[in-house]
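This report describes a single protein model, taking its strands, helices and core in turn. Please look over the sequence and the structure before reading on.

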Amino acid sequence: MIVSLKEIMAYAEENKCAVGAFNTPTLESLNAVISAAEELDVPVIISHAELHEPWAPLDVIGPHMVLAAKNARVPVCVHLDHGEHFDYIKRAIELGFTSVMYDGSALEYSENSANTFSITEYAHALNVDVEAEIGALASREDGHHSGGAVYTDPELAQRFVEDTGIDALAASFGTAHGIYKEKPKLDFPRIEKIRELTGLPLVMHGGSGVSPEDYRRSIECGIRKINYYSYMAREGVFAAKKLIEENPGLTYFHELAAEAEKAMKADAMKAMRVFSGK
Ligand SMILES: [Zn+2]
């Protein structure tokens, strides 16, 4: 069934766990994530990143995501990840997404907070929840914030939450988007402080590739949503490569896609087990 982000965050709060948010820019990743959550009987968040638009236009993949959420046997929140443009966010809401992230983290505080406030006001009037970000993650993927990470200032985070009325906060404390070149070092006291001052469910971006111990400790400190994608997507590539190497005469793409889906599902299940404590 399709649910709001708030409902999923309330579940995470109650169970002292985190819920995985997986990007699903292909039907294979969408099936992999939903069937993984159903098999483990855990709620899940499926998300579409604005940055994936060239490969998976929102108007094409969005309706599939909403339908998959409605048909699922577990609670599913349909979320827009890193929305940077108001029109794009509005379109996701029109398509039936139950939650949106506005990412104004590259902007000055006043502009980020003013934009986030307007979007929150708009979304809340339509019963859609909002995640926003303050501070910046190091990133190698999208060309943003190429100057490296700006860790979230807990006091500024408190002000941001009060100024904007958001429902979940993405914070920067040592994770990075993409594949890690070295083991990330997370600033746990910072997560605790942000949590204490804001009282909101916190979101870990760049969540795939973090060790199980660090996931658990982050959850203890107040992380309730973990964005997970790169490592799952890479598992799909590894499985597809292996199938081609073992079957040089492979003809049908659907066989390749199915193999990748199976590998992504296994990886998503591994992550969900750690996040949910199941
Ligand atoms: Zn992110």
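Strands (E, at least two residues) and helices (H or I, at least four) are DSSP runs numbered from the N terminus. V44, I46 and H48 point one way from β3, while I45, S47 and A49 point the other way, and all are buried. In a regular strand the side chains alternate between the two faces of the sheet.

Strand β2 (residues 19-23) runs parallel to β3 and is joined to it by 3 bridges, where pairing requires that DSSP find at least two bridges between two strands. Within this pairing, F22 stands opposite I46 in β3.

## Basis and confidence of the model

This is a predicted model, in which local features need pLDDT of at least 70 and side-chain atom pairs count only at pLDDT 80 or more, whereas totals for chains, interfaces and linings use all residues. Residues are numbered from 1 along each chain as its sequence is written.

The protein chain averages a pLDDT (the predictor's confidence in each residue, from 0 to 100) of 95, and 96% of the residues score at least 70. Over residues 140-145, however, the pLDDT is below 50, although this stretch has 12 contacts in the model beyond near neighbours in sequence. Two residues are in contact if their C-beta atoms, placed from the backbone, lie within 7 Å.

## Helix α3

Helix α3 (residues 58-71) has 14 residues and reaches 19 Å from its first C-alpha to its last, close to the 20 Å expected at 1.5 Å a residue; the expected span is 1.5 Å times one less than the number of residues. The buried residues in α3 are L58, I61, G62, M65, A68 and A69. Seen down the axis of α3, these buried residues fall within an arc of 135°, so they line one face of the helix, the arc being that of the directions from the helix axis to the C-beta atoms.

The buried residues of α3 pack against several elements, including α2 (27-40), β3 (44-49) and β4 (76-83). On the face of α3 turned away from the buried side are the exposed residues D59, V60, P63, K70 and N71.

## Helix α1 and M9

In α1, L5, I8, M9 and A12 are buried. They cover an arc of only 100° around the axis, which puts them on the same side of α1. M9, which lies in helix α1 (residues 5-14), counts as buried because it has 26 C-beta neighbours inside 10 Å. Leaving aside neighbours within four places in sequence, M9 is in contact with A168, P201 and R224.

## The nonpolar core

A nonpolar core is a set of buried Ala, Val, Leu, Ile, Met, Phe, Trp, Tyr and Cys residues joined through C-beta atoms within 7 Å. The largest such core has 80 residues, of which V33, I46, V76, V100 and L169 touch the most other members. Helix α10 (residues 253-276) gives the most to this core, with 8 residues. Not counting residues up to four places away in sequence, L169 touches A132, A157, V161, T198, L200, L202 and V203.

Methods
Buried ≥ 20, exposed ≤ 12 C-beta atoms within 10 Å, placed from the backbone.
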